[in-house]
Amino acid sequence: MFQEFQQHIEKNLPFLKGKQLLIAISGGIDSVVLTYLLSELPDVSVSLAHCNFQLRGIESDLDEEFVKNLGQKLHLETHTTAFQTNTYAQEHKLSTQLAARSLRYDWFHKLLKNYDFDYVLTAHHADDNLETFLINLSRGTGLDGLIGIPEVNNTIVRPLLPFTRDEIEAYAAKKGYQWREDKSNKETKYLRNKLRLEVIPMLKEISPNMLKSFKKTVHFLKEDKKIVDENVKKLASEILTQEGDLIKINIKKTLALRNPKAYLYRFLKDYNFTEWEDVYALLHAQSGKQIATKSHILLKDRDFLLLLRTNKNSEIQNKTIFIDKGVKEITKPIHLSFDNVLKTEKLGKNIIYVDKKSLNFPLILRKWKEGDYFYPTGMKGKKKVSKYFKDEKLSMFEKQNTWLLCSKENEVIWIINKRQDRRFLPTNNTTELLKIIT
């Protein structure tokens, strides 16, 4: 098996050569075999990472001790950590398995960053891939779910994916390797274990070449996915436009597609949406309707669906900022610079000039609120900020992300990057001129 493994690395994963590799090792037979195989390869540097999830009492501690001893035996740097997995699962309302997965991968990525590792290698194999396929199939899935586990996913690599459990076990027995058995793998209360212990053996009995046929099927599905992705990418360039952090989806062009639901799913599948019928309904909803995920908001706004990342610093974004006299610059929540100048020069939406003596400090930076009004430059009389937004046809996102710079008594000086209030314009009598720029 070593020769086949080495050939697979050289042919399909040559980028691993010369890199710092971190093996995720549980102590089970597959991760132990992966450790031995990689430790014998030339031109790679290998370290171990083991998570003690503290779910099986003394057995979990013995797994950790086994991994440390293996690391010493092979002269490999070994990283270990322990998690209060049950507590984490309860606090985050996750299943034990999902909690363990979240903790594990978060820790792996920290190790990558802190120790300059290039990749994390896991010991998933062909049988794991078939199990994942069946799990996804049983829950309902699309093409992405049917192609199984990716061999390379950013910094996560699975070099054993072409090999079966039987091949791995036979190699371990031949070499006389020791490993740890996780007794929970024999419990059929978990769906994956039930498939592994009951369903897949039956499938292999019906079709002895089941894994070989499955591998061929996955190959064809991946080739089909390439065609789909190329087509979606081409259409996305015609239907989606990006303005800063905002993505706009043209509704009319989307509805003109032969299968708008399928394309909308492809456009949005990476943004954590789950209630897809609600997403599709936005195509025909009234303006202002929106759906939020943990990371994004999708809003219907006239002829577009608008996608924007949820601001992680919402507390900062929504607070009132006071700017004292003499301040030259602020950087949060937005950038503003203040400069005393002798005359007006360059003009633009991101620059205003004001009569400094007309200002009452501290200036106030805040979001707009109902009842705000201002005296727009180039117009007579005053206007409500909300009416200005409506006339300018600003979307809800644009309204939410617009800042007002106000004088002390909440008199609007500037709807930032949009329109200045004429009450603060310089006059022939101005002796102190202040330039404000974003």
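Helices (H or I, at least four residues) and strands (E, at least two) are DSSP runs numbered from the N terminus. UniProt, in an unreviewed entry, lists residues 363-436 as "domain: Lysidine-tRNA(Ile) synthetase C-terminal"; UniProt positions follow the numbering used here, feature names are shortened, and annotations may be inferred rather than shown by experiment.

The model is predicted: local features need pLDDT of at least 70, side-chain atom pairs count only at pLDDT 80 or more, and totals for chains, interfaces and linings use all residues. Residues are numbered from 1 along each chain as its sequence is written, and side-chain values use heavy atoms, with hydrogens and water left out.

**R366 in strand β16**

R366 is found in strand β16 (residues 363-367). With a relative accessibility of 6%, R366 counts as buried, a term that means under 20% relative accessible area, while exposed means over 50% and partly exposed lies in between (1.4 Å probe, protein chains only). Leaving aside residues up to four places away in sequence, R366 touches T320, D372, W403, L404, C406 and N410; contact means heavy atoms within 4.5 Å. The side chains of R366 and D372 make a polar contact at 2.9 Å. A polar contact is a pair of N or O atoms within 3.5 Å; within protein, one must be able to donate a hydrogen and the other to accept it, and residues adjacent in sequence count only if both atoms are side-chain atoms. R366 and F322 are 44 residues apart in sequence and 8.9 Å apart in space, C-alpha to C-alpha.

**Salt bridges**

Side chains of opposite charge can pair when their charged atoms come close. A salt bridge is a side-chain nitrogen of Lys or Arg within 4 Å of a carboxyl oxygen of Asp or Glu, and the count by this rule comes to 29.

| Pair | N to O distance | Relative accessibility |
|---|---|---|
| K226 and E223 | 3.3 Å | K226 47%, E223 33% |
| D270 and K269 | 3.4 Å | D270 58%, K269 26% |
| E411 and R423 | 3.8 Å | E411 32%, R423 32% |

K226 and E223, by contrast, both lie in helix α10 (residues 210-239), 3 residues apart, about one turn of the helix.

**Helices α10 and α12**

The axes of α10 and helix α12 (residues 260-268) come within 10 Å and cross at roughly 85°, which makes α10 roughly perpendicular to α12. Axes are lines fitted to C-alpha atoms, for helices over the stretch in contact, and angles run from 0 to 180 degrees between N-to-C directions. Angles under 35 degrees count as roughly parallel, over 145 as roughly antiparallel, 65 to 115 as roughly perpendicular and the rest as oblique. On the α12 side, Y263, R266 and F267 meet K225, V228, D229, N231, V232, L235, A236 and I239 of α10.

**T85 in helix α4**

T85 is found in helix α4 (residues 85-91) and is buried, with a relative accessible area of 1%. A polar atom of the T85 side chain lies 2.8 Å from the backbone oxygen of F53.
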